[in-house]
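Trainee: Could you take me through this model feature by feature, giving the general idea before the particular case?

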Amino acid sequence: MKTIIRVAALVSVTVAVVVSGVVQGAAQTADDFPNRPIRIIVVQAPGSGTDLVARLLAQKMGELWGQQGVVENRQGANGIIGVEAAARATPDGYTLLYASISALTTNQFIYKKLPYNTLRDFAPITQAVLNSLGAVASPASGLKSLADVVARAKADPGALSYGSSGIGNQTHQMGVLLSLATNIKMTHVPYRGQTPMLTDVMSGQIPLGFTTTSGVTDLVNSGKLTMLATFGDQRDEQFPNVPTPSELGYKDVVITGWTGLLAPAGTPPAVVNKIYAGMTKVLAMPDVKEATRKLGTTAKVSDSPEAFARFIKAESEKYYPVIKAAGLEGSQ
């Protein structure tokens with residue numbers, strides 16, 4: 001009996017030491033974090049609105065912590081390539097994911113074999129910015145307003161094509177929402193990100209594109225693109241003279257984009273909380289708020305990492321009916 005008691009006591013002490021070591025190790029990791037550069041995987045192409053905001057945040061986080069923030073663009077397949085790479089990264093806080101609503105919420109309904117599950121494979125940290133979405137046209141297209149788009153599509157169903165940043169992307173959903181609300185038919189042309197799509201719209205390869213407004217202000221102001229409408233519940237302050245679909249009577253055509261920061265699942269909670277605290281400070285900086293505003297976005301921090309996780313779940317439930325109505329469920 002004494003032998004059994006001694007063994008039990010030894011096991012108890014060993015477990016206590018291991019648990020203590022794990023807790024202490026996590027604390028030390030958080031205290032020491034970061035002690036080397038942090039890689040931020042961005043699922044959009046260089047020069048896109050998402051990329052520009054990510055680089056701003058990486059710079060400011062680097063200044064805050066004295067360690068470089070390195071942006072790595074892994075675009076393609078509606079964000080799947082970048083998200084999968086981030087999900088497989090070592091969960092130590094040194095590889096983070098910066099992605100948008102499409103990659104994090106709606107892909108799960110569109111792709112039959114999606115290689116990740118957002119809430120299973122990631123530890124959400126915080127929302128970062130809200131971004132407006134809009135319809136842009138080539139000046140050579142002759143499209144001057146959203147009413148022109150509807151009229152042309154009704155006159156010749158399917159003949160009018162529009163570009164998006166990928167199948168199921170929020171920019172694709174804009175085209176779907178508009179088509180459903182106005183009973184028109186357009187031909188969807190998916191691209192590997194916003195930048196190549198906008199390039200083809202500007203060159204006249206396609207007449208129309210749906211895009212985030214971040215990163216296109218200069219293109220619109222220079223006359224290379226025409227902004228036909230912005231899709232928020234009120235006018236975009238970057239384009240105060242451009243109406244929303246609601247103003248034209250299409251009240252169901254409202255969609256707001258967002259991007260957020262996540263770490264691979266298994267990242268120590270103390271590290272996640274430290275990154276969250278850092279992002280909270282960065283997003284509250286006056287120069288960051290002004291810079292994001294000029295990019296057509298609004299700085300937005302979540303109340304907590306847990307609140308961001310709940311938000312992602314709610315957004316998934318919100319957009320599932322749109323995906324289903326468009327016949328996109330399980331289509332890829």
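**Reading a predicted fold**

Trainee: How do α2 and α11 lie relative to each other, roughly parallel or roughly antiparallel?

Mentor: Helices α2 and α11 are roughly antiparallel to each other, in a scheme where angles under 35 degrees count as roughly parallel, over 145 as roughly antiparallel, 65 to 115 as roughly perpendicular and the rest as oblique. Their axes come within 11 Å and cross at roughly 170°, where axes are lines fitted to C-alpha atoms, for helices over the stretch in contact, and angles run from 0 to 180 degrees between N-to-C directions. The contact (heavy atoms within 4.5 Å) is made by Leu56, Leu57 and Lys60 of α2 together with Asp287, Val288, Ala291 and Thr292 of α11. By type, these residues divide into four nonpolar, one polar and two charged, with Ala, Val, Leu, Ile, Met, Phe, Trp, Tyr, Cys and Pro counted as nonpolar, Asp, Glu, Lys and Arg as charged, and the others, Gly among them, as polar.

Trainee: What should I know about the model itself before reading further?

Mentor: This is a predicted model, in which local features need pLDDT of at least 70 and side-chain atom pairs count only at pLDDT 80 or more, while totals for chains, interfaces and linings use all residues. Residues are numbered from 1 along each chain as its sequence is written, and side-chain values use heavy atoms, with hydrogens and water left out. Twelve helices and eleven strands make up the secondary structure of the chain; helices (H or I, at least four residues) and strands (E, at least two) are DSSP runs, numbered from the N terminus. The C-alpha atoms fill a box of roughly 90 × 40 × 30 Å along the principal axes.

Trainee: At what angle do the axes of α2 and α10 cross?

Mentor: The axes of α2 (residues 49-65) and α10 (residues 269-283) come within 10 Å and cross at roughly 110°, and the two helices are therefore roughly perpendicular. The crossing is right-handed; a crossing is left-handed if the near helix is turned anticlockwise from the far one by less than a right angle, and right-handed if clockwise. On the α2 side, Leu57, Lys60, Met61, Leu64 and Trp65 take part, meeting Lys274, Ile275, Gly278, Met279, Lys281, Val282 and Leu283 of α10. These residues divide into eight nonpolar, one polar and three charged.

Trainee: How many residues of β3 are buried?

Mentor: Buried means under 20% relative accessible area, exposed over 50%, and partly exposed in between (1.4 Å probe, protein chains only). Six of the six residues of β3 (residues 95-100) are buried, so this strand is largely enclosed by the rest of the structure. Thr95, Leu97 and Ala99 point one way from β3, and Leu96, Tyr98 and Ser100 the other way.

Trainee: Which strands do bridges join to β3?

Mentor: Strands of a sheet pair through backbone hydrogen bonds, either parallel or antiparallel, and two strands count as paired if DSSP finds at least two bridges between them. Four bridges join β1 (residues 38-42) to β3 in the parallel sense, with Ile40 opposite Leu96. Four bridges also join β3 to β10 (residues 257-264), here antiparallel, and Ala99 has Gly260 of β10 as its bridge partner.

Gly260 is also among the residues touched by Gln127, which lies in β4 (residues 122-131). At 4% relative accessibility, Gln127 counts as buried.

Trainee: What is the strand order of the open sheet of five strands?

Mentor: The order of this open sheet is β7-β6-β8-β5-β9, with mixed pairing. Its edge strands are β7 (187-190) and β9 (226-230), each pairing on one side only, and the twist averages 30° from one strand to the next. Within the sheet, β6 (residues 161-164) and β7 pair in the parallel sense over four bridges, and Tyr162 has His188 of β7 as its bridge partner. Helix α7 (residues 170-182) packs on the sheet, touching β5 (133-137), β6, β7 and β8 (208-212), and its direction makes about 125° with that of β8. Helix α8 also packs on the sheet, touching β5, β6 and β8, with its direction at about 145° to that of β8.

Trainee: Is Ser203 buried, partly exposed or exposed?

Mentor: Ser203, found in α8 (residues 194-203), counts as partly exposed at 47% relative accessibility. Across the chain, buried residues make up 51% of the 332 residues.

Conventions:
Lists of a residue's contacts leave out its neighbours within four places in sequence.
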